[in-house]
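Reader: Please take me through one part of this model in close detail, the open sheet and the helix packed on it. Then place that part in the whole chain.

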Amino acid sequence: MSAATTRSRTPDRLCAEAVDLARAAAEEAAAPGVVGEHEGLVSEGDRVVTHFFACRELGYRGWRWAVTVARASRAKLVTVDEAVLLPGPDALLAPEWVPWSERLRPGDMGPGDLLPTDAEDLRLEPGYSGEDEPAPNSTVAAAASVTGELAELVEAEDAEIAGGSPADLTIAPARGSIASVAEELGMRRARVLSRYGLHIAADRWEEAFGAKTPMAQAAPASCVSCGFLARIGGSLGQAFGVCANEFSPADGRVVSLAYGCGGHSEAAVMPSPPQPAPPRIDETRVDPFPLRPAPDSGSVPAAEDSASADLGHS
């Protein structure tokens with residue numbers, strides 16, 4: 001070990017004793033009462049020492065004020081180099097910064113928010129293939145090479161529809177290009193889902209409303225046989241659909257055909273309530289309804305007993 005290395009690791013005596021100078025510099029950078037007790041020092045090099053003071057600022061637990069002091073060779077005057085707030089070994093630090101594109105989660109967007117997509121987004125691919133201009137011997141190129149008279153008619157038509165000549169427009173119509181033909185047919189989209197985008201979307205929907213969810217495991221039947229399933233087109237329609245049952249937990253969501261819930265249309269058909277038979281009245285028969293009770297309906301016989309007649313009545 002060289003003599004220079006030994007000197008650099010041994011704190012300079014005058015710099016190590018300049019605790020009050022370092023505290024005054026820390027309080028000037030922070031505020032009185034915020035700088036705490038002295039927590040040690042470290043030698044940064046020849047005649048360079050850093051003093052550490054505890055930070056009492058709220059929200060900065062474990063942070064320390066670091067004040068570096070130094071003196072010139074053969075000088076007795078110690079000066080302050082810098083005073084900064086640094087995290088200590090057990091400091092409370094903010095989490096590592098993550099780009100917004102990686103922090104964004106489903107449901108974070110609100111009204112008025114814009115979500116730009118990367119030009120090289122793996123989930124997307126060009127909506128139409130091939131070069132923008134067709135090959136010279138193609139049918140589209142042949143249709144585009146019109147005569148001068150037809151070109152003037154086309155320009156006049158464009159001016160009438162667009163409100164000006166193509167030269168005056170911000171973006172002149174590019175006739176004969178694949179993009180213009182696709183736009184006229186209503187099929188132009190700059191980018192569409194790539195195979196990778198289809199796969200990650202299918203995995204996400206399968207995880208949320210798929211066959212392995214607890215709801216599907218307890219369902220009486222799958223969505224493929226449910227009358228509330230609305231089919232979707234494209235390749236995804238072979239495995240997914242949209243639930244249209246307002247009482248289902250997946251109403252309005254893309255569900256796997258293997259998903260299911262208790263709202264299946266054929267799981268339990270509600271029986272019709274029993275209807276009572278209509279009343280029947282026999283209008284051809286008369287039922288007698290006596291106004292007075294019959295003579296023999298009481299507890300006392302109607303005819304007099306001869307034995308009681310001789311005794312008389314009281």
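Author: First, a definition: a residue is buried under 20% relative accessible area, exposed over 50%, and partly exposed in between, with a 1.4 Å probe and protein chains only. Buried residues make up 22% of the 314 residues in the chain. This is a predicted model, so local features need pLDDT of at least 70 and side-chain atom pairs count only at pLDDT 80 or more, while totals for chains, interfaces and linings use all residues. Residues are numbered from 1 along each chain as its sequence is written, and side-chain values use heavy atoms, with hydrogens and water left out.

The chain has 10 helices and nine strands. These are DSSP runs numbered from the N terminus: helices are H or I of at least four residues, strands E of at least two.

Now the sheet. It is open, with four strands in the order β1-β2-β3-β4 and antiparallel pairing. β1 (35-45) and β4 (79-87) stand at the edges. Each has a single partner strand, so one side of each is left without a neighbour in the sheet. From one strand to the next, the twist averages 20 degrees. Angles run from 0 to 180 degrees between N-to-C directions, and axes are lines fitted to C-alpha atoms, for helices over the stretch in contact.

Two strands count as paired if DSSP finds at least two bridges between them. β3 (residues 63-70) and β4 pair in the antiparallel sense over eight bridges. Contact here means heavy atoms within 4.5 Å.

Which residues of α3 are buried? They are Ala22, Ala25 and Ala26. These residues cover an arc of only 100 degrees around the axis, which puts them on the same side of α3. The arc is that of the directions from the helix axis to the C-beta atoms. What covers them includes β1, β2, β3 and β4. The face turned away from the buried side carries the exposed residues Asp20 and Glu28.

Ala66 sits in strand β3. Its relative accessibility is 4%, so Ala66 counts as buried. Leaving out residues up to four places away in sequence, Ala66 touches Thr50, His51, Phe52, Glu82, Ala83, Val84 and Leu86. Ala66 and Glu82 are 16 residues apart in sequence and 8.1 Å apart in space, C-alpha to C-alpha.

Back to the whole chain. Among contacts with a separation of 6 or more, 51% join residues 24 or more positions apart.

On a 1 Å grid over the protein atoms alone, a cavity is a set of points where a 1.4 Å probe fits but cannot get out; a pocket is an open set with protein on both sides within 12 Å along at least five of seven lines; lining residues have an atom within 4 Å of a point. Grid points are joined across faces, edges and corners, and a volume is the space filled by probe spheres set on the points. The largest pocket holds about 680 Å³. Of its 21 lining residues, Ser101, Leu104, Leu115, Asp121 and Arg123 are the closest to its centre. α8 (195-208) gives the most to this lining, with five residues. The largest cavity holds about 90 Å³.
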